[in-house]
2 protein chains.
Amino acid sequence: MSEELVSRKELAFQLYEVLDTESLCERERFSEHNKGTFDAVMDTADKIAREKFAPHNRKADLNEPTFDGERVHMIPEVKEAFDTYAESGLIAGRFDFEDGGMQLPETIMMACSSYFTTSNPSSTGYSFLTVAAANVIKNFASQTIKDTFMPRMLTGEFTGTMALTEPHAGSSLADITTNARLADDGSYRIKGSKMFISAGDHELSDNIVHLVLAKIQGAPPGVKGISLFVVPKYRLDENDKPSQRNDVSLAGLIHKMGYRGTTSTVLSFGEKDDCHGYLVGEEHQGLKYMFLMMNEARLGVGFGAAMLGYAGYRHSLQYAKERTQGRVAPNNKPTDKPATIIQHGDVKRMLLAQKSYVEGGMSLCFYAARLVDDLHTAASPEEKQKTAELLDLLTPVVKAWPSEFGPKANDLAIQILGGSGYTREYPVEQCWRDNRLNPIHEGTNGIQALDLMTRKLWQANGAGLVQLQKVMSEDFAKAKHSISQQLIGDLQPYLTKLQALIPLIGSELRGENQNALLANASCFLTIFGQIVVSWIWIRQAITAEAALAKGQLPQDDEAFYRGKLQAAKYFIDWELSAINRDFTLLTNMNDSCSAMQESWF
Amino acid sequence: MSEELVSRKELAFQLYEVLDTESLCERERFSEHNKGTFDAVMDTADKIAREKFAPHNRKADLNEPTFDGERVHMIPEVKEAFDTYAESGLIAGRFDFEDGGMQLPETIMMACSSYFTTSNPSSTGYSFLTVAAANVIKNFASQTIKDTFMPRMLTGEFTGTMALTEPHAGSSLADITTNARLADDGSYRIKGSKMFISAGDHELSDNIVHLVLAKIQGAPPGVKGISLFVVPKYRLDENDKPSQRNDVSLAGLIHKMGYRGTTSTVLSFGEKDDCHGYLVGEEHQGLKYMFLMMNEARLGVGFGAAMLGYAGYRHSLQYAKERTQGRVAPNNKPTDKPATIIQHGDVKRMLLAQKSYVEGGMSLCFYAARLVDDLHTAASPEEKQKTAELLDLLTPVVKAWPSEFGPKANDLAIQILGGSGYTREYPVEQCWRDNRLNPIHEGTNGIQALDLMTRKLWQANGAGLVQLQKVMSEDFAKAKHSISQQLIGDLQPYLTKLQALIPLIGSELRGENQNALLANASCFLTIFGQIVVSWIWIRQAITAEAALAKGQLPQDDEAFYRGKLQAAKYFIDWELSAINRDFTLLTNMNDSCSAMQESWF
């Protein structure tokens, strides 16, 4: 692997050229920041990731946590990494100054996270989940709960989890059976079993704060009866110190194919009928709270998938530049020197495909992170409203697209390394295994497709789509040079087809082809995803071409921008063009899948 | 998983309905066989696979072989399985009666192998590699070498390997540096290092017979200077008993992401300048001998990939029938009972895609196995010649298509199982990891694409293609019913486009677009593969529709044939239609990949 975990040139391009992240400093929330502080925090993240996370990435994979019936054991490097991360203040990075945070933009925090995900996604999990849980508490919990738990989560003294899934209820949270009973002291007694809870047990922190979905006795059925509770591993004494063990126990660790360093747990709540939980916000609003944080959670998954894709891409690129094999015309006599494999056309193809997937996914996620920043800090309520509509629409793509194409990139990386890629002596197979979780969690990609096609598209009378068309048009108007203009021209027919398709879907969703359409939802996600990422690539191409047009660039800058243009061209020519199939299937209401009967398999 | 490792109904359909395997019994070589003996040997394979191979598939994955510096250790179940396999006579299944074999058709031996690959691909590796090595010895070695080694390989007393790859030379065998020096006794002294040698060391057999590619001193450069040697782990004494250790040593075991039960080794030959090897056939003809066996080796890889895909498909099918989650209209109130997930359209899609991949791949390989039988036993030299031409043309597809789509099926199986699919508590992730080797070994799929587009297509003046068109036309003429006829009609435009494309490729391969074309070779493999598999699916559809037309079928037969028709329709509608993109890229000589420069990445 090359020395840099993530190319700083790439990050600077995404943050300061494609996006104008510096302009955020003009907003009140970020007014104490400038490019210098942004870069400094990225330097810190880079350094910690290189020194404390990267070195034990494989070791944590080979030595997954074990449970002796009482405690979870893991290699000591994980705690050292976690502590260093916590001490750096990064857990609190995006939180308010008054909460002890750094009040940094989401965009910059995402750039920081790129270093951790590429170096060691599983040791990273403990702090990332703590941030997510603290964010929920900050937004929805009472001041008392907030004061009790949040400050210590932001320092890493306590860690957090999200406990949603149950053995029988994953995608269908409506069916959870964990229940909560109001006790005399105003708190609740929680009882039930949760599964696949990441970071659900460990010895890294003094306490673990579980955010648990449960139903209060007598609640309405389905999702409308779900409430959210804070359930600590240790109850706090009168001095708010963790003391008595709460009735939450680790029923077992789950053994995953990847992400092995992050414990995945089955947790039992209230086996002794004494599991204390504290209601977050109001009764029966738990799922709503979770879903209000869902855009950010799904953005995190998408970005993680893109960056694990990126890690594999960089490994395979390095390998392809060094490994020699075979010969390339005109020097293809046996007595000629072998060529580096990057010179072979098919290897170039596999590298370029990876580049288009991972830099496309990364750029998409940075765009979405900027929307999150705008959501919190845009000048007017109207702007915030429009931002929210666009972000809602894009979220299924932001989650699903990188988590489909990131592992695809990893698969190509394995192929480039050949037999070596298949061994655990090289890092690319672990990238794939770690990444394979991402199409599954935080809503499977099948769920994302349904969410997009049946809900997000129509939300607020389709306002998200109007907003998307508006920002696309504004971007396209900025294209002053021939390659970008050509790419925009190439994209146009697909936009036209999409405009014709959407009303058809709208009417058929309520019509007789409903089943066919639902079975083909993945086709719509594919169409929408490839069009969105084409636009994202065109944004990069416009930026690159404008930079090239200024001329007199240092050689490596020139090469960098040329690469961006070529990858954009590849993406439009090779990847976007594949969606014609999906247009046909959807337009014809193809029923191959929906007409299949169970007994015919 | 369902009780059957492989559906016997499926095998019977492929062997006795789509192919007329029984008719082979009319040929002299197979005249002592009949459907009864074929079924009996399949029963034996099924029984051994279920009893001796399936039970330790996961255990072997979790406890990979270790090397203590002297010996390789592995779980005892592997030897028990190997011994049972050997005792059953299956190693010798396809060999002549006079060699102690059963003189069974390749088609039937492939059906037998389906049970082993689905139950435990890595414990299977030791015997399969022995068969391959014995086959080379049988065809090319002197009578003395043959008499010395082959009989004991066919009983499993000795095992075999194929030692081609070296640390610096994988795809490019021209560059191997292992060398051979003629000694006074007429044998050779071998010196060099080999890598990724499967089953290269273990304690399962009394001896290991390595087939080693090496260059005799003074040989011409490149592939024309490669010879083939038999190099045993133990030399034989005057009574032909393994005695003195030959100078072959295990330098180390390679740790793979899957196929962990089969040792993958780095072997050192002649570290003490005393590694005895025996020339197979003539000097400098080694690669030719290997390549004469390559069609069969690649067929084995393709079939293994299809069957590992099949194993995952069956696991996920079973899971989808049992697991409940969410609801399906019109019963979608929270108070309605949850639905089994097979009722959800997107799950049906993922199952149907898998079915189309794995049964398509399986059927393709059975077709190719029948060609191997015809190659050996067809009535006339002309027929054998035509069979050879067709098999040569199809081989890149037979190897690459199932090894691309088998792992794709496994990926979908993981997705259907969701979080459970991501754990090692369920078998699908191992299927994927085991299968991921197949796109890499026996010629990467990139190499297959180049082989097809630049060589096989033009071999014998394109005779293979002529033959393919002929057999396709003959098959299509058999379609008497509407669905098959419709599918043939749907395929037609693609055949027309292919016919126009091939001469274009022929001229551009020698023209200025050569680099673009070589970088896009995978597109041609995709086009050709999808068309071939569409034809293979249409063959199945014609058979199924004819059976349905007879009427009065038992319910499960009716369902089986309906499923075949639906999968064929799915394949043509969803998978074949995707190649329009590849046609466009090739026809336009798209240079996105070839124009990419190393410094731009």
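Predicted model: local features only at pLDDT ≥ 70, side-chain atom pairs only at ≥ 80, totals over all residues.
Let's start with how much surface goes into the contact. The size of an interface is often given as the accessible area lost when the parts come together. Here chain A and chain B bury about 7,400 Å² between them, and carbon and sulfur atoms account for 57% of it. Three residues, B:Tyr422, B:Trp574 and B:Phe601, supply 13% of the area that chain B buries against chain A, which is more than any other three residues do. In residue terms, the contact takes 86 residues from chain A and 87 residues from chain B.

On the polar side of things, 52 residue pairs are in polar contact between chain B and chain A, counting pairs with both residues at pLDDT 80 or more. Which helices does chain B bring to the side that touches chain A? Those that each supply at least two residues are H9 (294–322), H10 (345–377), H11 (381–417), H12 (428–435), H13 (445–456), H17 (521–550), H18 (555–575) and H19 (580–587). H18(B) gives the most, with 9 residues. Sorted by type, the residues on this side of chain B come out as 32 nonpolar, 30 polar and 25 charged.

## Salt bridges across and within chains

Side chains of opposite charge can pair when their charged atoms come close. Over all chains, the structure holds 84 salt bridges, and 8 salt bridges are counted between chain B and chain A. One that joins the two chains pairs A:Arg436 with B:Asp411, with 2.7 Å between the closest N and O atoms. Over in chain A, a network of salt bridges links A:Glu10, A:Lys355, A:Glu359 and A:Lys564.

B:Lys9 and B:Asp556 form a salt bridge whose closest N and O atoms are 3.9 Å apart. This pair ties together distant parts of the chain: B:Lys9 sits in helix H1 (residues 8–18) and B:Asp556 in helix H18, 547 residues apart.

## Two pairs within helices

In helix H3 (residues 57–62), B:Asp61 and B:Arg58 lie 3 residues apart, about one turn of the helix. Their salt bridge has its closest N and O atoms 3.4 Å apart, and both B:Asp61 and B:Arg58 are buried.

In helix H10, B:Arg349 and B:Asp346 are likewise 3 residues apart, about one turn of the helix. Their side chains meet in a salt bridge at 2.8 Å, N to O. B:Arg349 and B:Asp346 are both buried.

## A closer look at B:Thr377

B:Thr377 also belongs to helix H10 of chain B. Why does it count as buried? Its relative accessible area is 13%, and buried means under 20%, so B:Thr377 qualifies.

What does its side chain pair with? The side chains of B:Thr377 and B:Arg27 are joined by a polar contact of 2.9 Å, while the side chain of B:Thr377 also reaches the backbone oxygen of B:Asp373 at 2.7 Å. Setting aside neighbours within four places in sequence, B:Thr377 is in contact with B:Arg27, B:Arg29, B:Phe30 and B:Lys384.

Key. Residues numbered from 1 in each chain as written. Chains lettered and ligands numbered in written order. Heavy atoms only, no water. Contact = heavy atoms within 4.5 Å. Buried area = accessible area lost by both parts, 1.4 Å probe. Salt bridge = Lys/Arg side-chain N within 4 Å of Asp/Glu carboxyl O. Polar contact = N/O pair within 3.5 Å; in protein donor to acceptor, adjacent residues only side chain to side chain. Helix = DSSP H or I, 4+ residues; strand = E, 2+ residues; numbered from the N terminus. Nonpolar A, V, L, I, M, F, W, Y, C, P; charged D, E, K, R; others polar. Buried < 20%, exposed > 50% of the residue type's maximum accessible area, 1.4 Å probe, protein only.
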